[in-house]
Amino acid sequence: MTQPRRSRYHHGDLKAELVRSAIELIGERGVTGFSMAQLTRRLGVAPSAPYAHFADRNALLAAIAVHAYQVFHAELGPEPAAASGPHDRIAAMAHAYVRFAAGHGALFDVIHQAGVDKATHPSVAEAERPISDAFAGCVTELGGDDRLATAVEATAHGYAMLLRNGDFDEYDSAVREAADGAARAVLALVVGWS
């Protein structure tokens with residue numbers, strides 16, 4: 001006799017649980033290794049259940065990207081806001097970027113690897129806007145242009161990827177070391193740029 005399937009999901013907010021469990025799966029398998037079928041099996045719900053809330057996998061990834069930008073914006077806020085000028089503010093943003101990548105790897109991956117089309121999912125562009133505006137404001141205050149913005153982002157992203165690839169020493173100090181390195185490198189970059 002076949003045993004009935006036991007559900008991990010217990011009649012609450014399925015939409016929120018789909019997002020939470022998808023983030024968990026992406027953390028384990030990566031963005032490209034994540035599927036809706038795995039998600040429904042993990043939750044013990046019918047394969048059609050997610051489609052009551054999300055049109056397809058891309059719509060679910062868009063919801064995760066919105067969440068990722070909200071988390072990043074919340075973590076970005078305190079440190080740059082306390083900085084005493086555009087040089088320190090942009091260095092603090094690089095520091096926060098690396099800490100976000102370290103602390104929220106699955107969310108970081110969705111932002112950078114999922115390929116969510118912002119034209120199709122405008123809520124993603126809307127969630128990203130406060131971060132982009134803060135960053136662009138710093139670059140403008142520093143007298144920079146798109147080239148400086150690209151150089152700063154590439155520097156912070158490079159440190160984040162080196163950290164995530166294990167290129168820093170022991171974990172306890174690795175995040176601080178990578179974030180501090182990114183902040184120093186960005187500061188040197190913008191000071192040299194002006």
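## Overall architecture

Among contacts in the protein chain between residues at least 6 apart in sequence, 70% link residues at least 24 apart. The model under discussion is predicted. Its protein chain contains 9 helices and 0 strands, giving the pattern α-α-α-α-α-α-α-α-α when read along the sequence. Of the 194 residues of the protein chain, 44% count as buried.

In soluble globular proteins, nonpolar side chains tend to be buried together. In this model, the largest nonpolar core holds 63 residues, of which Phe 34, Leu 39, Leu 60, Ile 64 and Ile 90 touch the most other members. Two or more residues come from each of helix H1 (14–29), helix H2 (36–43), H3, helix H5 (86–103), helix H6 (105–113), H7, helix H8 (146–164) and helix H9 (171–193). Helix H3 gives the most to this core, with 12 residues.

Leaving aside neighbours within four places in sequence, Ile 64 is in contact with Val 19, Ala 22, Ile 23, Ile 26, Leu 107 and Val 110.

## Packing of H3 against H7

Helix H3 (residues 57–76) and helix H7 (residues 122–141) have axes that come within 8 Å and cross at roughly 10°. Because angles under 35 degrees count as roughly parallel, H3 is roughly parallel to H7. On the H3 side, the contact involves Ala 62, Ala 65, Val 66, Tyr 69, Phe 72, His 73 and Leu 76; on the H7 side, it involves Ser 123, Val 124, Ala 127, Glu 128, Pro 130 and Ile 131. By class, the residues of this contact of H3 with H7 divide into 10 nonpolar, 2 polar and 1 charged.

His 121 is located in the loop between H6 and H7. Its relative accessible area is 17%, and His 121 is therefore buried. Not counting residues up to four places away in sequence, His 121 touches Asn 58, Ala 59, Ala 62 and Val 116. One of these, Ala 62, also belongs to the H3 side of the contact with H7.

The buried residues are Gly 105, Ala 106, Leu 107, Phe 108, Asp 109, Val 110 and Ile 111. Their cover includes H1, H3, H5 and H8. Just after H6, Gly 115 takes a positive phi of about 65°.

The axes of H1 and H6 come within 8 Å and cross at roughly 90°. The two helices are therefore roughly perpendicular to each other. In this contact, Ile 23, Ile 26 and Gly 27 of H1 meet Ala 106, Leu 107 and Val 110 of H6. These residues divide into 5 nonpolar, 1 polar and no charged. Ile 23, Ile 26, Leu 107 and Val 110 are also among the contacts of Ile 64.

## Geometry and burial of H8

At 1.5 Å a residue, the 19 residues of H8 should span 27 Å, and the end C-alpha atoms of H8 are 26 Å apart, which agrees. Buried positions in H8 are Leu 148, Ala 149, Ala 151, Val 152, Ala 156, Ala 160 and Leu 163. An α-helix has 3.6 residues a turn, so residues three or four places apart point the same way. Helix H8 is followed by Gly 166, which has a positive phi near 85°.

Note on methods: Residues are numbered from 1 along each chain as its sequence is written. This is a predicted model: local features need pLDDT of at least 70, side-chain atom pairs count only at pLDDT 80 or more; totals for chains, interfaces and linings use all residues. Side-chain values use heavy atoms; hydrogens and water are left out. Axes are lines fitted to C-alpha atoms, for helices over the stretch in contact, and angles run from 0 to 180 degrees between N-to-C directions. Helices (H or I, at least four residues) and strands (E, at least two) are DSSP runs, numbered from the N terminus. Angles under 35 degrees count as roughly parallel, over 145 as roughly antiparallel, 65 to 115 as roughly perpendicular and the rest as oblique. Contact means heavy atoms within 4.5 Å. Ala, Val, Leu, Ile, Met, Phe, Trp, Tyr, Cys and Pro count as nonpolar, Asp, Glu, Lys and Arg as charged, and the others, Gly among them, as polar. A nonpolar core is a set of buried Ala, Val, Leu, Ile, Met, Phe, Trp, Tyr and Cys residues joined through side-chain atoms within 4.5 Å. Buried means under 20% relative accessible area, exposed over 50%, partly exposed in between (1.4 Å probe, protein chains only). The expected span of a helix is 1.5 Å times one less than its number of residues.
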